[in-house]
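Here are a few friendly notes to read alongside the model. Please keep the structure open as you go through them.

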Amino acid sequence: MNAIETTNLTKYYDSLCAVDHLTLSVNNEIFGMLGPNGSGKTTTVLMLTTLLHPTEGSATVCGHDVTREGEQVRKKLSYVPQDMAVDIKLTGRENVLFFAKLYGIQNPKDKVDEVLGVMELSDRADDLVKTYSGGMRRRLELAQALVHQPAVMFLDEPTIGLDVAARKKIWEHIGMLRNNGMTIFVTTHYMDEADKYCDRVGIISKGKIVALDSPSALKSKLMKDVITAKVSGSFTAQPIEGVRLVGQKDDEITFTAENGKEALPLIAKALSDNGMKVHSLSLREPTLDDVFIDAVGSHEEPRHFNDHQFRMMLHRRH
Ligand SMILES: Nc1ncnc2c1ncn2[C@@H]1O[C@H](COP(=O)(O)OP(=O)(O)O)[C@@H](O)[C@H]1O
Ligand SMILES: [Mg+2]
């Protein structure tokens with residue numbers, strides 16, 4: 001039995017299909033659902049955590065059906081939503097204790113000490129949360145999510161709005177939970193983080209999984225080198241042997257080639273024949289961003305991205 005199984009899981013909001021026939025199995029790994037804003041990540045998590053009814057299809061968590069056996073499902077999982085849920089007027093310890101009592105945990109004080117220790121918050125446990133950094137608040141939420149010893153943890157955009165060091169630390173803690181046997185379902189729109197820290201990723205675009213595998217397998221399936229050129233002027237596409245033009249964005253043109261080293265001089269020549277000034281030409285391995293563009297065809301515009309809501313959330317987090 002896999003910790004999470006979905007079969008044709010689908011959600012419509014009126015006529016908008018937010019999640020489109022999703023079929024997935026996830027077990028004792030860090031599974032990253034990766035996609036731009038509005039691609040259906042939160043909707044998927046809400047259905048898997050029993051907070052939203054699917055329109056069609058089904059899903060189980062630890063063998064229990066999310067629609068018919070909601071209570072058993074909720075016993076097995078923890079959900080850390082994208083928005084902050086801690087009370088900044090209380091101390092870290094009081095926040096977690098409140099949660100532990102809510103869950104009816106035996107010896108709540110010991111459990112609270114334990115989870116605060118796991119999240120490296122022991123020495124700040126008695127300070128008010130309003131004095132915590134964004135990263136510490138996130139870790140406090142993770143500590144809360146651990147009090148009832150879930151088998152499966154859902155994290156929606158756990159690193160959004162955090163600085164680089166805090167993000168790294170959050171991922172290290174997530175990795176530690178996985179190593180202790182937990183199944184982690186995490187959403188993110190940061191391709192680089194998914195690449196580095198997830199065991200497998202499902203790339204989602206407009207509600208559909210368009211690529212599913214480990215980051216390294218996805219990149220090697222692409223079997224291409226990526227060449228970027230910083231230039232002045234715009235490139236009038238002309239075929240270059242063995243090279244595919246991906247596109248130009250501002251002063252940067254991106255190409256892919258099976259053999260990047262052989263392609264470099266050909267590209268340099270084509271650009272200068274085109275009368276362009278080339279400032280730099282670089283060769284790199286493909287990233288998940290390239291996998292995404294390859295699968296979807298382009299960088300899609302976020303659908304109905306709520307900028308105001310996003311800024312309010314960041315504001316609350318700091
Ligand atoms: N409650 C809702 N009512 C109507 N449309 C919604 C609702 N929640 C989300 N949507 C839409 O569904 C799509 C997927 O949203 P969401 O699951 O939040 O994506 P993500 O988490 O990947 O940013 C978006 O187009 C969004 O605008
Ligand atoms: Mg979301």
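1. Let's start at ligand 1: both β2 (16-26) and α1 (41-48) give at least two residues to the shell around it. The largest share, three residues, is that of α1. Helices (H or I, at least four residues) and strands (E, at least two) are DSSP runs, numbered from the N terminus.

2. A word on the source: this is a predicted model, where local features need pLDDT of at least 70, side-chain atom pairs count only at pLDDT 80 or more, and totals for chains, interfaces and linings use all residues. Residues are numbered from 1 along each chain as its sequence is written, while chains are lettered from A and ligands numbered from 1 in the order in which they are written.

3. Back to the ligand: 13 residues surround ligand 1, and Tyr13, Ala18, Lys41, Thr42 and Thr43 are the closest. A residue is near a molecule if its C-beta atom, placed from the backbone, lies within 6 Å of it.

4. Now find α4 (residues 108-118), where Lys111, Val112, Val115 and Leu116 are buried (20 or more other C-beta atoms within 10 Å of their own, placed from the backbone). They lie on the same side of α4 because they cover an arc of only 130° around the axis (taken from the directions from the helix axis to the C-beta atoms). On the other side, Lys109 and Asp110 are exposed (12 or fewer such atoms).

5. Just after α4, look for Glu120, which takes a positive phi of about 55°.
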